[in-house]
Amino acid sequence: MPVPGIHLYDTFNLLSKLSIRRGWNAAKVLSSYYVSRWIKRPVQWGFPISVSIEPTTSCNLRCPECPSGLRSFSRPKGMLKKDFFAQTIDEIYKDLLYLIFYFQGEPYLNPNFLEMVEYASSKKIYTATSTNGHFLNDANARRTIESGLDRLIISIDGTTQEVYQQYRRGGHLDKVIEGARNIVKWKRQLKSRTPFVIFQFLVVKPNEHQIGDVKALAKEIGVDDVWYKTAQVYDYKTDPNQLIPTLEKFSRYKKTDNGEYRQKNKLHNHCWKLWHANVITWDGQVVPCCFDKDAKHRLGDLKTQSFKDIWKNKKYKQFRRQLMKGRKNIDICANCSEGTRVWGK
């Protein structure tokens, strides 16, 4: 019986990117994380196993719980430059196993996006991205396959336009479905087993009744898997947009006796992300994780510092130390979803 969320070819493909150096680096990172938990102070060996890099802050949609959609960034907006990207990859690729082309914004709006994917793939890094699916026209679908992208997550938060548009405001479900069909078609025509294609269904109150429908749609199109994602709600105590689902399994929050919501998960004073991963914004700011959407916790600037110097600098050490003392006191940790994805199949 297959393990939910685990697929043999995709797993084998990821493991095929391992080298002796990357394996040794991963072992150092993992052991330093558990040593840190044991001695209750941060120890950091090795360099990130996984990095997220932001192709752009721009987006064509206006989703109500997304800074890109709300046009509410306080940080600068822009596009990742191809030369800067290549320079960054050249410094870190020997230790890096997994590269996520996503933070905020829609990656396909960056005109050089697929060229950057191709460059990372040439370094034998496992590459992944997340898209709202509106730009997977026939030409882009073929270029996506040819780029060597290993994993493609397509957000599809409804199986009818009426439901889909309640969260994906300004979106067109027919374009998303057409884009997914284009990807599947070109995978078959080019006899490619990549990218591994995932429908990601953000479960919110307006769409929770379509949880079963999206599985059927994915099967009909030929998508490889379905992931259900719990929604982050900024003002979760009152839930002004009425997004928190009634199905507790798919919610990060639980209703209290006074009618307000609280988080279900306890915040322990440790976080695996701070040891094995981080985020690079389009303009080179290094931040702790994907919950720092406005890049308030800037731990270094790749325009003036090397990545490896940043990873070991005083700011990073202090942030890990602060997390281990009281994670609930860090603003980006207060609404964290670590460990709350629900697998679909």
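**Chat about a predicted model**

Trainee: Where does Asn 13 lie?

Mentor: Asn 13 sits in helix α1, residues 8–15; helices here are DSSP runs of H or I with at least four residues, and strands are E runs of at least two, numbered from the N terminus. This is a predicted model, where local features need pLDDT of at least 70, side-chain atom pairs count only at pLDDT 80 or more, and totals for chains, interfaces and linings use all residues. Residues are numbered from 1 along each chain as its sequence is written, and side-chain values use heavy atoms, leaving out hydrogens and water.

Trainee: Is Asn 13 buried or exposed?

Mentor: Buried, at a relative accessible area of 8%. The cut-offs are under 20% for buried, over 50% for exposed and partly exposed in between, using a 1.4 Å probe and protein chains only.

Trainee: And what does Asn 13 touch?

Mentor: Tyr 126, Asp 150 and Thr 194, leaving aside residues up to four places away in sequence. Contact means heavy atoms within 4.5 Å.

Trainee: Switching to α8, which elements do its buried residues pack against?

Mentor: They pack against α6 (138–147), β4 (151–155), α7 (161–167), β5 (196–203) and α9 (211–221). Among those buried residues are Leu 173, Ile 177 and Trp 186.

Trainee: What comes just after α8?

Mentor: Lys 191, with a positive phi of about 50°.

Trainee: How many disulfides are there?

Mentor: The count is 0, where a disulfide is a pair of cysteine sulfur atoms within 2.5 Å.
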